[in-house]
Amino acid sequence: MADSDLPAPQDREPVRFLVFSASLRGGSLNGRLARLAATMIEAHGGIVDFGSMQDFDTPSYNRDVQDEDGFPSGADKLRECVQTNDAFVVSSPEYNASMPGVLKNSIDWVSRFSPQPFNEKHGLLLSASPSMSGGNRGLWALRVPFEHLGARVYPDMFSLAQAHQAFDAEGRIANAQLQERFEHNIVGFMDLVEASKHYPCVKTRWVEYLGERPDPVTDRVE
Ligand SMILES: Cc1cc2nc3c(=O)[nH]c(=O)nc-3n(C[C@H](O)[C@H](O)[C@H](O)COP(=O)(O)O)c2cc1C
């Protein structure tokens, strides 16, 4: 992507992004992708609140526990992070062609707060996996609860295939074309969230174009 195509970071209105990986594991590939997303967001003028799945982890949802003890601290922390940011970016492992149970369980807890925090929040879904599919099937599953809860899930999702050998020493994606595609995905999402928050009068147009800039090279022709 040519630098001249991008808004200068200082030209952006302030927008805050919760960024986290849904893996609990040290050395997580999704942790590395989430870090790269955070770096890209900051490079393009966004404000990052980097979250940790360790902090959002919760015991299995049980209505009796909710009634007797209230919400667990992990659910309260995720609720607070979603509410205090304008948008969220999650990089999630794919487990058995779906999302990890730990993430779904935390979403279930958070969905019981009123007001329900995911409603009308913009979300971007990422995944990383050693497999050739990059964990993309898990993201289609993850869209379902988020969209059910009213989140505005960005149409373009990014899945990093063969992620165990995809990063360079600086933590960027070694394949330059793929790194550019990733950055384009991040900036398109940032543009949409910024427009939605700060320029509601042009919101209809941005939603119509799904945050993408028209580009003859990549425009779909069908
Ligand atoms: C229970 C389990 C199920 C998995 N299922 C899939 C799968 O369906 N597709 C896939 O690409 N990788 C699958 N994997 C491999 C993960 O993608 C791999 O462990 C990855 O590194 C996990 O993400 P992390 O590095 O961020 O922890 C699975 C791993 C586990 C532990």
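Helix α5 (residues 101-110) holds both D108 and K104, which sit 4 residues apart, about one turn of the helix; helices here are DSSP runs of H or I with at least four residues, and strands are runs of E with at least two, numbered from the N terminus. The structure is a predicted model, in which local features need pLDDT of at least 70, side-chain atom pairs count only at pLDDT 80 or more, and totals for chains, interfaces and linings use all residues. Residues are numbered from 1 along each chain as its sequence is written, and side-chain values use heavy atoms, with hydrogens and water left out.

The side chains of D108 and K104 form a salt bridge at 3.1 Å, N to O; the term denotes a side-chain nitrogen of Lys or Arg within 4 Å of a carboxyl oxygen of Asp or Glu. The count by this rule is 9 salt bridges. Another joins D191 to R12 at 2.9 Å, N to O. D191 belongs to helix α7 (176-198) and R12 to the segment before β1 (16-21), so this pair ties together parts 179 residues apart in sequence. Both D191 and R12 are buried, that is, under 20% relative accessible area, where exposed is over 50% and partly exposed in between (1.4 Å probe, protein chains only). R12, D191 and E194 are linked in a salt-bridge network.

Turning to the ligand, 14 residues surround it, the closest being S23, S28, N30, E94 and S129; a residue counts if one of its heavy atoms lies within 4 Å. A polar side-chain atom of S28 lies 2.5 Å from a ligand oxygen atom, while one of E94 lies 2.5 Å from a ligand nitrogen atom.

Technical notes. Polar contact = N/O pair within 3.5 Å; in protein donor to acceptor, adjacent residues only side chain to side chain.
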